[in-house]
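The sequence and the model are shown first.

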Amino acid sequence: MKTSPAIDRLVTSLKRLPGIGEKSATRLTFYLLGAADSTVAELGDAIARLKQDTVLCDQCFNLTDASPCGICRDATRESGMVCVVEEPADLVAVERSGGFRGLYHVLGGTLSPIDGIGPDELRIGDLEQRVRGGEVREVILATNPNAEGDATASFIADRLRDSGAQLTRIAYGMPLGGDLEYADYVTVGRSLEHRRPLE
Ligand SMILES: [Zn+2]
């Protein structure tokens with residue numbers, strides 16, 4: 001396609017986003033060309049500030065605007081319960097279900113030896129420290145119910161077995177092989193509610 005370099009540049013950038021192909025990138029670009037200046041400026045500003053205004057919470061490793069984050073600072077939440085999730089998007093899914101009033105621990109992914117992701121690449125050591133710190137009564141392993149999520153949950157359970165905290169795994173109300181991030185909030189709520197103790 002022969003267009004202006006500015007158009008090509010944006011199409012190329014948008015194409016790098018997950019789920020966006022050439023066609024969608026082109027459609028979005030022409031949409032923005034026709035949109036109000038304020039709409040385009042707002043989007044540009046939001047993108048420009050995204051990384052500079054976002055920090056990792058040093059307690060739960062959620063992405064937030066301040067550390068500790070609003071959830072970790074909230075004194076009404078049960079600090080004795082820690083829900084372990086893969087990514088910040090999974091934390092959002094559990095929060096949206098409304099069924100959990102404890103704290104979180106974001107691992108930053110799952111174990112994946114093929115991709116070179118071992119325990120040291122995830123925040124498993126930090127979790128262990130947190131749990132062995134004493135205050136945690138229950139650790140809910142809410143990694144996704146697929147092969148990687150299960151393997152990661154088992155690995156963590158082994159590491160924490162003698163920590164004194166109860167270890168539970170979310171139930172399989174979740175579609176097998178599914179992803180918390182994409183499940184509806186009722187399903188996420190149920191899978192938490194029906195969590196079972198890990199032997
Ligand atoms: Zn936090």
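Helices α1, α2 and α3 each contribute at least two residues to the lining of the largest pocket. Helices (H or I, at least four residues) and strands (E, at least two) are DSSP runs, numbered from the N terminus. The model is predicted, so local features need pLDDT of at least 70 and side-chain atom pairs count only at pLDDT 80 or more, while totals for chains, interfaces and linings use all residues. Residues are numbered from 1 along each chain as its sequence is written, and side-chain values use heavy atoms, with hydrogens and water left out.

The chain comprises eight helices and seven strands, and its C-alpha trace spans about 65 × 35 × 35 Å along the principal axes. Of its 199 residues, 39% count as buried (under 20% relative accessible area with a 1.4 Å probe, protein chains only; exposed is over 50%, partly exposed in between).

The largest pocket has a volume of about 510 Å³. A pocket is an open set of points on a 1 Å grid over the protein atoms alone, where a 1.4 Å probe fits, with protein on both sides within 12 Å along at least five of seven lines; lining residues have an atom within 4 Å of a point. The volume is the space filled by probe spheres set on the points, which are joined across faces, edges and corners. Of the 18 lining residues, Leu 10, Leu 14, Leu 32, Leu 43 and Ile 47 lie nearest the centre. Helix α1 supplies the largest share of the lining, six residues.

Leu 32 is also one of the buried residues of α2, together with Ala 25, Thr 26 and Thr 29. These cover an arc of only 125 degrees around the axis, which places them on the same side of α2; the arc is that of the directions from the helix axis to the C-beta atoms. Their cover includes α1 (5-15) and α3 (37-52). Lys 23, Arg 27, Tyr 31 and Gly 34 are exposed on the face turned away from the buried side of α2.

Ser 163 lies in the loop between α7 (147-160) and β6 (166-169).

Not counting residues up to four places away in sequence, Ser 163 touches Val 131 and Arg 132 (heavy atoms within 4.5 Å).
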